[in-house]
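We'll hop from one spot to the next.

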2 protein chains.
Amino acid sequence: MTKLENIIKGAEQHCRRKGTRLTLKRQLILRCLLLRKKPTSAYGIKTYLKENYGEEMPATSIYRILSFLQENLLVHKLQAHNKFIACAHIVCKHDHGTPQFLICQKCETVKEIDSNSALIEELQRDIRRSKFQLISPQLEMLCICNDCQTETATKSI
Amino acid sequence: MTKLENIIKGAEQHCRRKGTRLTLKRQLILRCLLLRKKPTSAYGIKTYLKENYGEEMPATSIYRILSFLQENLLVHKLQAHNKFIACAHIVCKHDHGTPQFLICQKCETVKEIDSNSALIEELQRDIRRSKFQLISPQLEMLCICNDCQTETATKSI
DNA sequence: AATAATTATGAAACATTGTATCATTGAAAT
DNA sequence: ATTTCAATGATACAATGTTTCATAATTATT
């Protein structure tokens, strides 16, 4: 079984456990995001579906399905560019505490890292101290990735 | 001198030091954000200008001016909702390391907090370890503020 | 199995956010 | 005074997201 199919199967199980359904359309959109790897906008998915599956899906449905996938922790929305990306931890026991995304501003590569959980806990303490309660823990950090760094360095010589 | 005028004066000095100019239009938009206090969209500013100053400003100009204010560290853009807010530290020696915003999802109140800088440094180390380089350090955390929490708690009784 | 109830998706129209391009105005500099 | 550069205006458009109402598919109930 391919890795992709394995992830899809994992996602199905995950939904079943939560009492929700990973319908074919939802599966299709998850597939897109898994294949694309890079963050993709809702309309980007629309185009991708059209070009690769001949499937015309209305924007409303795509947004709805993306919401479903987010609620079921299968997809993250990157606020920084209004784009979506498949969760990197669908088939591992990794918990979904506070995902942290490093986003390259040049090539849009995204790396989901796992900082020291003590660090995250301290951040949480700071938040509680300010009388706020974290509801959607997610950190996005706008970066330049190593490849793009060396690229520009070379160019400027 | 009012606090507002004091901040505007501070912003002017700040620009002068950087060799940029806080023109009247730029000042006007900064004023809006300082008065509104809550995060405001570009078009929200447009409406505000119209209603409160009778000033019709094209969207392009507003976006341009917001970019200017961001570059000059007078305004932050909150990625989470595509809205803008005046920097809380225009007239203090506070440095602009890594601003951290707690954003209430109900009432949109924003609190700019200052976590322990050791914490931020560790986050930076994690990033470097992943071979990324932070370029626009800013953390946005989606929360519920204390007021909205107690409000819903009361309602549910 | 037939029907009702619920959940999921489609379609159309629209609202909001953001940008590209080119023209115009205003300020600063020689 | 004229040139130059910086700042703003105007128009058109692209991209993102939502509202509303209709239809289809699934599940539950009899």
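Start by selecting Gln133(A): opposite it stands Ile144(B), in β6(B). Before moving on, note that this is a predicted model, where local features need pLDDT of at least 70, side-chain atom pairs count only at pLDDT 80 or more, and totals for chains, interfaces and linings use all residues. Residues are numbered from 1 along each chain as its sequence is written, chains are lettered from A and ligands numbered from 1 in the order in which they are written, and side-chain values use heavy atoms, with hydrogens and water left out.

Now widen to β5(A) and β6(B), residues 139-145, which pair antiparallel over four bridges. (Strands are DSSP runs of E, at least two residues, and helices are runs of H or I, at least four, numbered from the N terminus; pairing takes at least two DSSP bridges.)

Finally, colour the interface. It takes 35 residues from chain A and 35 residues from chain B. β6(A) gives the most to chain A's side, with seven residues. Looking for salt bridges (a Lys or Arg side-chain nitrogen within 4 Å of an Asp or Glu carboxyl oxygen)? The count between chain A and chain B is zero.

Terms used: Contact means heavy atoms within 4.5 Å.
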